[in-house]
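Biologist: Can you put the model up? I have some questions about side chains and about how the chains meet.

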Protein chains: 2
Amino acid sequence: MRMAELSAETGVPVATIKYYLREGLLPSGRRIGPNQAHYSREHLKRLRLVRALREIGGLSLAQVADVLAVLDGGRTAPVVLGAAQDGRVSSRPVAQAAWEWALGRVGELLGEPVDADDPAVSNLVTVLATCHALDHGAVAGRLVEYAALARAVAAVDAALITDVGPAARPGEAALVTALLGERLFEGLRHLALVETMNAVPAEA
Amino acid sequence: MRMAELSAETGVPVATIKYYLREGLLPSGRRIGPNQAHYSREHLKRLRLVRALREIGGLSLAQVADVLAVLDGGRTAPVVLGAAQDGRVSSRPVAQAAWEWALGRVGELLGEPVDADDPAVSNLVTVLATCHALDHGAVAGRLVEYAALARAVAAVDAALITDVGPAARPGEAALVTALLGERLFEGLRHLALVETMNAVPAEA
């Protein structure tokens, strides 16, 4: 298909597609004339993936580029997942005391010694320390319950990723399952929480 | 405390604090001189909340303002949760066929008729339709499992929210539990998924 069709099919403006081509997020089309190129179904799929990672996964374009480079390197699903997580590390400043308190709670959960240089661990500590600073440190008392449920969710994720079949790339399946799956689960959790709270007598 | 102390305590630049005051995100301090004001512990707490909703909750400043207005109106926890969700509605374009397919799957899950005007439902349909467009529609076959786990997570959330005690505001507890809790759960899920996938023989 031509670029105009690629744009019409995905709703992505031609100028944006050209930008993605320049930035290497989308591979070049097959040249069929001095100012024309042909784009395949693979281009369409890649363009959809870029947009989904941006708009639903919440990654910046630079993060999308990093993750796609890892994906295109044919790396395993855990490596692709790690790359997607790296881009989302929170660098928000947290008071030292709150950070150390949170590191202790995460250590109790995961077992010492905790590798605070692991972006996934550091993210967890940052969020927990922020809860503490907001007088909601009680959430730490529920970490074991949340972690058990997170393992159950991850087991469903893993089944989806490994079930994709030999033709599909497990790295891409892992990426979509993890990033879009988070939004899906958040939506389900929100609906369930509102339903639960509506069943509780109003207090405010 | 003075504004400089408020800034030192939170790491938020004075210029940003002044901007929040102008925008009404932070109430004015008690004036103690022509160019000086005194800020209380309540200001400190509010400033921390604004930053956490921005940096970890991922809300825009306009969304933070909307949610705080609902919170300050003394509304119930479900109303505050709804306001926080409204700001996160995805307006990403989805092909009609994918949308209708996803609406059908959500209808099977939640029971017909589905209220597609409910932002929470519309978000769910958008994410599912995007999965479908990316050839990962298989996730729909796991919706019932995910929804059951989401209900279990929401039950823990609800216990945390209702346990805050009479002094705290349940709306604020709901907000922090929902928005920061999402990031916490995502972190736990990521760690569990990487662990699970590392235990599976590499395929890529």
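Modeller: The side chain of D157(A) makes a polar contact with the side chain of R189(B), at 2.8 Å. A polar contact is a pair of N or O atoms within 3.5 Å; within protein, one must be able to donate a hydrogen and the other to accept it, and residues adjacent in sequence count only if both atoms are side-chain atoms. This is a predicted model, where local features need pLDDT of at least 70, side-chain atom pairs count only at pLDDT 80 or more, and totals for chains, interfaces and linings use all residues. Side-chain values use heavy atoms, with hydrogens and water left out; residues are numbered from 1 along each chain as its sequence is written, and chains are lettered from A and ligands numbered from 1 in the order in which they are written.

Biologist: Is D157(A) buried or exposed?

Modeller: D157(A) is buried, with a relative accessible area of 0%. Buried means under 20% relative accessible area, exposed over 50%, and partly exposed in between (1.4 Å probe, protein chains only). D157(A) lies in helix α8 of chain A; helices (H or I, at least four residues) and strands (E, at least two) are DSSP runs, numbered from the N terminus.

Biologist: What is D157(A) in contact with, leaving aside neighbours within four places in sequence?

Modeller: T177(A), Y146(B), R189(B) and L193(B). Contact means heavy atoms within 4.5 Å.

Biologist: How much area do chain B and chain A bury between them?

Modeller: About 7,500 Å², 75% of it on carbon and sulfur atoms. Buried area is the accessible area (1.4 Å probe) that two parts lose on being put together, summed over both. In chain B, Y146(B), L184(B) and R189(B) lose the most area to chain A, together 10% of what that side buries.

Biologist: And how many residues does the contact take from each chain?

Modeller: 83 from chain B and 83 from chain A.

Biologist: How is chain B laid on chain A?

Modeller: By a turn of 180° and a shift of 0.0 Å along the axis, with an RMSD of 0.0 Å. The two copies are thus related as by a two-fold rotation axis. The superposition is by least squares on the C-alpha atoms of residues with pLDDT of at least 70 in both copies. Of the residues of chain B, L149(B) comes closest to the rotation axis, its C-alpha at 3.4 Å.

Biologist: Switching to charges. What is the count of salt bridges between chain B and chain A?

Modeller: Ten, and over all chains the count comes to 22. A salt bridge is a side-chain nitrogen of Lys or Arg within 4 Å of a carboxyl oxygen of Asp or Glu. One of them pairs D135(B) with R41(A) at 3.5 Å, N to O. D135(B) lies in the loop between α7 and α8 of chain B and R41(A) in helix α3 (residues 41–55) of chain A, so the pair joins two chains.

Biologist: Which residues are linked in a network?

Modeller: R183(A), E186(A), R183(B) and E186(B) are linked by salt bridges.

Biologist: What about D72(A), which residue does its side chain meet?

Modeller: R46(A), in a salt bridge of 2.7 Å, N to O. D72(A) is in helix α4 (residues 61–72) and R46(A) in helix α3 of chain A, 26 residues apart, so this pair links distant parts of the chain. R46(A) is buried at 13% relative accessible area, while D72(A) counts as partly exposed at 45%.
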